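Subject: Structure handover

Hello,

Here is the structure for your files.

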Amino acid sequence: MTVTPTPSTAPALKPSALTSEAAEASDVARRQIVRHADAFAELGSRLRKTPPRFVVTCARGSSDHAASYGKYLIETTLKTVVASVGPSVASLYDTDLDLKNSLFITVSQSGRSPDLLKLAEKAKAGGALVVGFINDETSPLSGLCDISLPLSAGPEISISATKSYLASTLAFLSLTAHWSNSQPLKEAVQALPDALAAARDLDWWPVLDRLSLAEGLFVVGRGPSLGVACEIALKLKETCCLHAEAFSIAEVIHGPLAMIGPRLPVLALGQDDLSASSTRQAVERIAAQGGMVWSALPAKGAALLPTLPGLPPAIAPLCQIQSFYMAVARLARCRGYDPDVPAHLRKVTETV
């Protein structure tokens with residue numbers, strides 16, 4: 001089944017802080033690259049000389065989704081295992097972890113949540129090199145780190161993270177590029193600001209308009225696009241009160257496929273790497289089952305999402321979420337919600 005998005009009949013809606021801040025992502029990327037180029041090069045050289053046994057990430061919410069993106073980059077490029085450790089291991093269970101000769105990366109916007117602080121303390125005591133990707137440079141978490149590389153995203157007023165999320169993914173990309181000394185990845189870092197600016201102008205509203213009355217949605221990806229799929233699903237939940245679930249597209253066919261049909265749309269992300277063929281096959285299987293599918297990769301039976309051609313695979317998913325960000329606030333308002341002030345949420349979330 002081929003799905004053709006219908007044009008919106010909704011009136012123009014007032015700008016939101018979410019959209020305005022998302023539009024700054026390309027400038028944020030340029031600022032971070034210029035500011036931290038030498039620091040990432042120095043850290044990369046240090047890690048090549050003394051490779052860590054493994055990598056541990058510590059984050060929650062959007063920051064954890066950025067860490068998922070980084071996990072795939074590090075594991076596929078450097079063949080070094082990356083594990084996400086739940087902060088409650090330290091904050092609630094007071095567990096002393098053996099992290100000798102490991103790299104511990106903590107990611108946060110505010111750097112003030114007690115559970116992240118506790119786990120960072122435990123990591124340092126356990127022998128890890130503690131690196132922080134934190135937006136608030138004055139935060140206590142920044143002060144705990146052996147090496148702090150601020151996200152440089154600037155103030156973010158909207159409760160939902162946008163530019164700080166993309167800044168976090170860029171930090172992982174820069175780390176991987178300099179640690180591996182990969183010229184293609186270094187070129188991807190340099191290409192990202194202009195690519196984000198171009199992706200900002202792609203119109204995803206005809207797709208999101210179809211979700212104005214939706215009750216649920218699957219967002220799928222694989223490899224570096226999986227963490228981005230998780231972030232899109234979170235944004236749909238918190239800004240639009242739309243029950244969106246993120247899956248690896250490989251996991252969808254192990255069970256969730258049974259739920260897919262005309263009443264459950266699917267948003268499929270992807271990049272032109274070794275996962276592309278299997279992603280296309282799974283998208284075509286979903287479409288053949290009668291699912292309404294929009295796909296970043298061309299696939300029979302699926303509507304093609306607006307994407308930029310010829311991008312390095314490492315940054316293609318980041319450009320896809322940039323395009324999504326520019327339309328999601330409008331979807332939230334069409335569904336009757338304020339995208340800048342989601343119900344029951346605060347900008348700084350402090351968990352124990």
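The notes below cover an aromatic cluster, a helix and a loop residue.

Please keep in mind that this is a predicted model.

Aromatic rings. The structure holds 4 aromatic pairs. In one of them, Phe 40 and Phe 133, the ring centres are 6.2 Å apart and the planes meet at 55 degrees, so the pair counts as tilted; edge-to-face would need an angle over 60 degrees. Phe 40 belongs to helix 2 and Phe 133 to strand 4 (residues 129-134), so this pair ties together parts that are 93 residues apart in sequence. Phe 133 also pairs with Phe 172, edge-to-face, at 5.2 Å centre to centre and 90 degrees between the planes. Because Phe 172 lies in helix 7 (residues 163-180), this second contact ties strand 4 to a part 39 residues away in sequence. Phe 40, Phe 133 and Phe 172 make up one aromatic cluster. Each of its members is buried, with relative accessible areas of 3% for Phe 40, 0% for Phe 133 and 1% for Phe 172.

Helix 2. This helix spans residues 25-49 and bends by about 60 degrees at His 36. His 36 is among the buried residues of helix 2, which also include Ala 25, Gln 32, Phe 40 and Leu 47.

Asp 201. This residue sits in the loop between helix 8 (183-200) and helix 9 (205-209). Its relative accessibility is 63%, over the 50% cut-off, so Asp 201 counts as exposed.

Regards

Note on methods
Residues are numbered from 1 along each chain as its sequence is written. This is a predicted model: local features need pLDDT of at least 70, side-chain atom pairs count only at pLDDT 80 or more; totals for chains, interfaces and linings use all residues. Side-chain values use heavy atoms; hydrogens and water are left out. Helices (H or I, at least four residues) and strands (E, at least two) are DSSP runs, numbered from the N terminus. Buried means under 20% relative accessible area, exposed over 50%, partly exposed in between (1.4 Å probe, protein chains only). The bend at a residue is the angle between axes fitted to the seven residues ending there and the seven starting there. Rings of Phe, Tyr and Trp (its six-membered ring) pair if their centres lie within 6.5 Å; planes under 30 degrees apart count as stacked, over 60 as edge-to-face and the rest as tilted.
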